[in-house]
Amino acid sequence: FSGVLFRSPHRVPPWCAHYDADQCGGCQHQPRDQSAQQAAKRPIVGAARRRLAGLDVDDPPIEGAAEPWAYRRKITLSRVGTGSFGFHRRQPLGSVFPLELCRVAAPSLMEMWQVLRAHPEVVPQQADRLSLREDGTGGRHVVAHGVAPDGWPESGACAALLESVGIEASIWLVDSGDDARQVAGPEARVAGLAFEQINPVMGARVRRDAVARLGALAGRHVWDLYAGIGETSSLLVEAGATVSCVELAGDAVRSAPEQAGVRWFEGPAETVAPSLDPPDLVITNPPRTGMGKAVVAALLAAAPERIVYLSCDPATMARDIKRLAGGFVVTEVTAYDLFPQTAHVEAVTLLERR
């Protein structure tokens, strides 16, 4: 037997044509309304804390997204061989369909994509991925990945084509690792791959809430670990703190604004954190892999009054909470729907010294 026995009142038709027609793997929750999506994400955070951190806790509250569509300020398209750029299908694994329109991407990105899609000759044939991005200053970027060392001869033509339709975009090339270099277009204020939240409205909300959980900041010294381009540090300084920022990516450090009261340390948090002056408070926002053991050890040794941990991966966050349990206790957790239509969820955890 196949068919629908009972249709949930929370089921809605997928808005994006790619969801059914191309089995797009990006927005797994599209057939659910927003309340159902958020209800499904709370247990993801709660279960990780119970199973991996060993905590006897309920599922946390969740803050809904300000805008469930057209929020994403960065997309990365892939292709197999020299085929069309697009997104990965749910099945079969590894297959890619040509993208026409992404409903969660910002209109500014789709405007660029419609131009590039119609003119594949300005995109390097060797590229295996193409990133489109709008940074926090409004600057737009096109980043080609996996290009051979001979470069991107068409980069100037790509910038000129976009400019001809009123789009100023910086053109970047990644020919090794994660290091991007600008090869055409107007000089960028923010590096092409410098980390920023893909959902800027909700990202700003999470940062404000995270900083507020640190408590009074005037005259306090704060570690900002995995600091990106210093967006959180700006809030800390405004509240009267001095800040030690740690960031691995040199392009992010160079994109950060100069601020009195902020000292930057470029390098892996695992090697930098143990050598920093002890903090009163810590805010940490690691990648999906979580914090390295050396960072956890540095936090236990420094024994700040509070740690606020931002995470896009509840599992690695729960693992790190368990590692910190000898010196800190979890007192508050909130989930945030930063990535509507997808299965991903952001969480902010407050830990206080025992």
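**Exercise 1. Find how many salt bridges the whole structure holds, then examine the pair Arg73 and Glu134.**

Solution. This is a predicted model. A search of the whole structure gives 14 salt bridges. Take Arg73 and Glu134: their side chains meet at 3.4 Å, N to O. The cut-off is 4 Å, so the pair qualifies. Arg73 sits in the loop between strands E1 and E2, while Glu134 belongs to strand E5. They are 61 residues apart, and the pair links distant parts of the chain. Arg73 has a relative accessible area of 24% and is partly exposed.

**Exercise 2. Determine which parts of the chain the salt bridge of Arg220 and Glu305 ties together.**

Solution. Start with the distance: 2.4 Å, N to O. Arg220 lies in the loop between H5 and strand E9. Glu305 lies in the loop between helix H9 and strand E13. The pair therefore ties together parts 85 residues apart in sequence. Glu305 is partly exposed, at 34% relative accessibility.

**Exercise 3. Classify Asp320 and Arg319 as buried, partly exposed or exposed.**

Solution. The two form a salt bridge, with the closest N and O atoms 3.0 Å apart. Asp320 has 0% relative accessibility; buried means under 20%, so Asp320 is buried. Arg319, at 27%, is partly exposed.

**Exercise 4. Describe how helices H5 and H6 cross.**

Solution. Their axes come within 10 Å and cross at roughly 45°. H5 and H6 are therefore oblique to each other. The crossing is right-handed. Arg207, Arg208 and Val211 of H5 touch Glu231, Thr232, Leu235 and Leu236 of H6. By class, the contact has 3 nonpolar, 1 polar and 3 charged residues.

Note on methods: Residues are numbered from 1 along each chain as its sequence is written. This is a predicted model: local features need pLDDT of at least 70, side-chain atom pairs count only at pLDDT 80 or more; totals for chains, interfaces and linings use all residues. Side-chain values use heavy atoms; hydrogens and water are left out. Axes are lines fitted to C-alpha atoms, for helices over the stretch in contact, and angles run from 0 to 180 degrees between N-to-C directions. Helices (H or I, at least four residues) and strands (E, at least two) are DSSP runs, numbered from the N terminus. Angles under 35 degrees count as roughly parallel, over 145 as roughly antiparallel, 65 to 115 as roughly perpendicular and the rest as oblique. A crossing is left-handed if the near helix is turned anticlockwise from the far one by less than a right angle, and right-handed if clockwise. Contact means heavy atoms within 4.5 Å. Ala, Val, Leu, Ile, Met, Phe, Trp, Tyr, Cys and Pro count as nonpolar, Asp, Glu, Lys and Arg as charged, and the others, Gly among them, as polar. Buried means under 20% relative accessible area, exposed over 50%, partly exposed in between (1.4 Å probe, protein chains only).
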